[in-house]
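Work through the exercises below with the model open. Each task is followed by its solution.

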Amino acid sequence: MKRGRKNSKASDHLSDEENTTGDKKRKTADQGCAQVLQSPDWGNLIPDIVLQVFQYLPLLDRAHASQVCRRWNQVFHMPELWRCFEFELNQPATSYLKATHPELIKQIIKRHSNHLQYVSFKVDSSKESAEAACDILSQLVNCSLKTLGLISTARPSFMDLPKSHFISALTVVFVNSKSLSSLKIDDTPVDDPSLKVLVANNSDTLKLLKMSSCPHVSPAGILCVADQCHGLRELALNYHLLSDELLLALSSEKHVRLEHLRIDVVSENPGQTHFHAIEKSSWDAFIRHSPKVNLVMYFFLYEEEFGPFFRYETPVTHLYFGRSVSKDVLGRVGMTCPRLVELVVCANGLRPLDEELIRIAERCKNLSAIGLGECEVSCSAFVEFVKMCGGRLSQLSIMEEVLIPDQKYSLEQIHWEVSKHLGRVWFPDMMPTW
């Protein structure tokens with residue numbers, strides 16, 4: 001019993017020492033934390049760390065942070081933060097969006113124009129905003145841009161400018177960059193001579209060209225780009241610029257394999273727009289050279305204007321009909337588009353598309369996405385379509401109003417049957433009630 005009491009006293013003594021040591025350690029740690037909290041030396045942070053933090057901040061927050069101390073202000077002006085920039089040019093009278101502050105634009109041109117590499121201009125519908133974008137472009141004489149995008153958030157305001165003013169500003173970038181790899185200039189007055197300047201200075205680097213709705217460009221102008229820019233991999237343009245010569249140029253041995261070709265087929269004057277036909281041999285040569293290309297076609301035509309299209313095999317992979325399209329045209333799609341991957345039909349009319357849908361399922365073995373808007377399909381035909389396509393339908397967007405109940409399936413039954421063949425739960429899309 002005495003030995004037990006002695007051990008107990010020793011244990012109590014050790015416990016007291018541990019508590020005293022623990023208290024001292026906690027007190028020291030608390031004092032250290034208090035000192036850090038009381039006087040953090042943020043100004044002595046490694047510049048690389050501040051730079052990484054700044055890269056995650058919106059521009060306005062980054063500007064406010066730059067006012068904390070001299071070192072942070074120095075980081076704010078490091079070239080790494082100014083390689084990518086979007087100029088937002090909006091007028092208070094025509095847009096509710098905030099615009100890039102004029103003083104900041106002056107600072108960028110003065111201190112960072114030679115750092116800019118990835119630049120876009122987002123303008124509203126006003127002519128003043130488009131003029132401001134051109135004024136900035138004309139001052140980028142020390143730039144070395146890799147990408148340039150001109151984006152109109154409303155109507156094409158760049159088209160309201162004098163053509164010479166726009167071309168002069170754009171040419172400054174074409175001449176001084178010499179390393180453009182991506183150019184997006186939709187709805188602009190760019191013309192053939194300016195494209196020749198682009199090619200003369202950037203033919204070895206240009207990989208993406210997107211220039212839909214550019215009425216001053218001719219097929220000869222876009223052919224010049226295809227002939228000289230052998231590294232071109234993505235191209236988007238209006239159908240009137242597409243030609244047999246262009247497809248053959250893109251199919252030559254010296255040209256890389258094109259990855260994406262987008263064609264907008266748009267009718268400006270109903271019944272008065274003439275659309276030429278592309279020879280099957282040209283499409284065949286193009287696909288032999290670029291067998292994995294995504295050929296995307298957007299159609300905004302009236303029924304009587306579809307004559308030149310889908311008369312023979314067309315290698316389209318993504319097909320969008322923005323206006324009502326007839327049963328006859330959709331039937332031809334099923335017969336002539338074996339590479340089709342995605343199909344979107346905005347409207348058709350009041351005649352069910354049962355046969356057309358089944359034909360597309362039979363012949364388009366790669367179809368994985370479909371969307372139907374103001375159309376009609378019987379529930380039985382729709383179930384058969386899904387059954388034929390099976391689990392490869394990764395996207396199936398059908399409004400409930402499209403499906404017409406019949407003797408075999410009701411609207412309550414169809415989602416179970418479709419879900420069974422898809423291998424996942426599916427419901428038709430519902431029209432909002434508000």
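Buried means under 20% relative accessible area, exposed means over 50%, and partly exposed lies in between (1.4 Å probe, protein chains only). This is a predicted model: local features need pLDDT of at least 70, side-chain atom pairs count only at pLDDT 80 or more, and totals for chains, interfaces and linings use all residues. Residues are numbered from 1 along each chain as its sequence is written, and side-chain values use heavy atoms, with hydrogens and water left out.

**Exercise 1.** Describe the salt bridge between arginine 332 and aspartate 328.

Step 1. Apply the criterion: a side-chain nitrogen of Lys or Arg within 4 Å of a carboxyl oxygen of Asp or Glu. Arginine 332 and aspartate 328 meet it at 2.9 Å, N to O.

Step 2. Helices (H or I, at least four residues) and strands (E, at least two) are DSSP runs, numbered from the N terminus.

Step 3. Check accessibility. Arginine 332 has 11% relative accessibility and therefore counts as buried. Aspartate 328 is partly exposed, because its value is 49%.

**Exercise 2.** Which parts of the chain does the salt bridge of lysine 327 with glutamate 356 tie together?

Step 1. The closest N and O atoms of lysine 327 and glutamate 356 are 3.0 Å apart.

Step 2. Lysine 327 lies in α12 (residues 327-336) and glutamate 356 in α13 (residues 354-363), so the bridge ties parts 29 residues apart in sequence.

Step 3. Lysine 327 is buried at 15%. Glutamate 356 is buried at 9%.

**Exercise 3.** Locate the partners in the salt bridge of aspartate 186 with lysine 210.

Step 1. Their side chains meet at 2.5 Å, N to O.

Step 2. Aspartate 186 sits in the loop between β4 (182-184) and α8 (192-202), while lysine 210 is in strand β5 (residues 208-210), 24 residues apart.

Step 3. Aspartate 186 is buried at 18%, whereas lysine 210 is partly exposed at 24%.

Step 4. For context, the whole structure has 10 salt bridges.

**Exercise 4.** At what angle do α13 and α14 pack?

Step 1. The angle of α13 with α14 (residues 379-389) is about 5 degrees, and the axes are 9 Å apart.

Step 2. Classify. Under 35 degrees is roughly parallel, over 145 roughly antiparallel, 65 to 115 roughly perpendicular, and the rest oblique. Therefore α13 and α14 are roughly parallel.

Notes:
Axes fitted to C-alpha atoms, helices over the stretch in contact; angles between N-to-C directions.
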